[in-house]
Amino acid sequence: MSHRYDVVVVGAGTTGAAAAYHLTQAGVSNILCLDMGTPGLGRTEARKVANGTPLTQPDEETFVPHYSGTRVFEGGQNGPRTIKMIVTLPPYEMLDGIADLFGWDGVKTYLDLAQHGLKLELDLARKLLPNPDQQVKQNGSLMVCEADRSERLRQEFNFLQSLGCPCEWWDEERVIAAHGASAGYVAGIWFPQDARIDSVSFAKSLLDAALKTGSLTLRDQCSPVVDIQNDDSRSHAVIKLEDGECLEAKQVIVATGGMFFDKQLAGILTPRYSYLAALPHIDPGPLGGMDAPDSANFFTLGFTHDWCVENNFVRISGEDHYSGLKSPRAKQRCGRLAQWGWTKYPYLEFGADYPATYGIYSETPDFMPLIGKTDPESCVCYMVGCNAWGQASLSAAAALAAPLLGYRDMSEAEQRTADLFSIRRFSAR
């Protein structure tokens with residue numbers, strides 16, 4: 001049995017990296033962070049079957065089901081690095097959907113914690129990233145809809161206004177000025193505080209800062225985690241790796257919901273793919289009204305698509321929710337994103353070569369993160385789920401790493417966040 005750690009963090013995407021960082025800032029020592037690939041990217045090589053042959057699927061050149069949900073493009077001609085981080089996007093199509101589950105107090109709690117998470121992440125990014133002016137873009141976001149949904153969007157705006165969320169209504173003239181008439185959008189809600197970020201570099205910067213404290217050890221390119229169990233005495237947890245190695249820790253944070261499926265989460269957490277396509281554009285066209293590399297982020301009511309102009313590309317995200325337990329079918333799914341972009345913005349060069357990729361995140365039935373322990377005596381703490389809805393709520397969750405593990409007390413606001421996201425809303429055991 002290997003050396004026992006105080007805390008093992010499984011996963012080095014933005015959530016796992018932030019959890020490790022916040023633990024070191026709280027004075028916790030002897031922390032290990034595991035990632036089976038590169039922090040923020042996941043494993044970028046094809047998995048191998050027992051005889052060493054790459055595992056393939058009929059419609060994929062290589063089947064790589066372990067790209068991190070934090071993953072972005074490589075930059076330059078290989079696609080823009082910054083990606084979405086949307087604070088005000090509700091984890092449901094509409095805020096009244098959350099209210100049906102958690103009441104309007106729960107909706108208010110969510111909006112408050114998301115705004116807190118956005119500020120927290122931006123403050124850390126500007127402090128830790130080497131080139132924050134290029135790697136963070138706080139240019140706002142615009143939720144848009146077509147004519148048949150404009151009344152519903154207005155209702156959402158009224159909800160947001162009544163709850164004190166900073167936003168403003170955009171009429172048809174203003175939306176068309178930003179998008180062009182061909183896109184078909186006639187109304188929008190503008191969120192001036194929203195931002196996007198180079199999430200891969202951010203995860204790496206968080207880990208670098210944590211490593212400098214001397215309290216963290218990082219093991220990347222390690223064998224995948226296949227099981228995590230409480231010891232019979234519940235004095236520690238045992239983490240089993242695919243190569244047979246076992247690690248011990250007083251406590252574990254599971255922050256890799258898209259890549260490790262825990263039987264405790266069966267039925268309440270599903271791995272999903274999220275796809276990215278970046279369509280090149282030389283002539284800025286209508287979207288260039290907000291200027292290419294500094295344009296706002298756009299997303300549809302219901303969050304079917306999320307896009308922006310970045311470094312001479314229209315970066316599009318979407319086609320989410322295709323099961324991460326199946327072959328990714330990335331060519332088909334990214335192709336559908338490209339077709340959507342060419343239809344909405346016909347000034348783009350139809351059929352042009354374009355960068356495309358995907359990542360794996362995890363999703364709960366109510367589209368909100370899971371945090372905490374299934375029972376107070378467990379040594380395993382979860383911090384997983386739903387980064388497709390924006391990094392802000394996960395940033396708020398990751399900041400709770402130290403109090404969730406008992407290293408400090410929670411504030412009242414933190415307790416509200418912990419209660420709203422508690423895994424025991426599904427799994428009281």
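**A close look, with confidence in mind**

A: Let's start with a stretch to be careful about: over residues 54–61 the pLDDT stays under 50, even though the model has 19 contacts for them beyond four places in sequence. This is a predicted model, and where pLDDT is low, the predicted coordinates should not be read in detail. Across the protein, the average pLDDT is 86, and 88% of the residues score at least 70. Going by elements, strand S3 (residues 83–85) has the lowest confidence, with a mean of 69, while helix H9 (residues 401–404) has the highest, at 97. Residues 48–52 also have a pLDDT below 50, and the model gives that stretch 3 contacts beyond near neighbours in sequence.

Now for the overall picture. The protein has 10 helices and 19 strands. It has 429 residues, and 60% of them count as buried. If you take the contacts with a separation of 6 or more, 73% of them link residues 24 or more positions apart.

The part to zoom in on is where two of the helices pack. Helix H2 (residues 95–128) packs against helix H10 (residues 412–421) with the axes 10 Å apart and an angle of about 120° between them. The crossing of H2 past H10 is left-handed. Which residues meet there? H2 brings Phe102, Gly106, Thr109, Tyr110 and Leu113, and H10 brings Arg416, Thr417, Leu420 and Phe421.

Not counting residues up to four places away in sequence, Ile31 touches Tyr5, Val7, Val9, Ala20, Leu23, Thr24, Ser215, Leu216 and Thr217. Val8 is 23 residues away from Ile31 in sequence, yet their C-alpha atoms are 5.8 Å apart in space.

Last, a word on the cysteines. Cys308 has a relative accessible area of 0%, so it is buried; Cys381, at 1%, counts as buried because the cut-off is under 20%. As for disulfides, the count comes to 0, with the rule asking for cysteine sulfur atoms within 2.5 Å.

Note on methods: Residues numbered from 1 in each chain as written. Predicted model: local features only at pLDDT ≥ 70, side-chain atom pairs only at ≥ 80, totals over all residues. Heavy atoms only, no water. pLDDT = per-residue confidence, 0-100. Helix = DSSP H or I, 4+ residues; strand = E, 2+ residues; numbered from the N terminus. Contact = heavy atoms within 4.5 Å. Buried < 20%, exposed > 50% of the residue type's maximum accessible area, 1.4 Å probe, protein only. Axes fitted to C-alpha atoms, helices over the stretch in contact; angles between N-to-C directions. Left-handed = near helix turned anticlockwise from the far one by under 90°.
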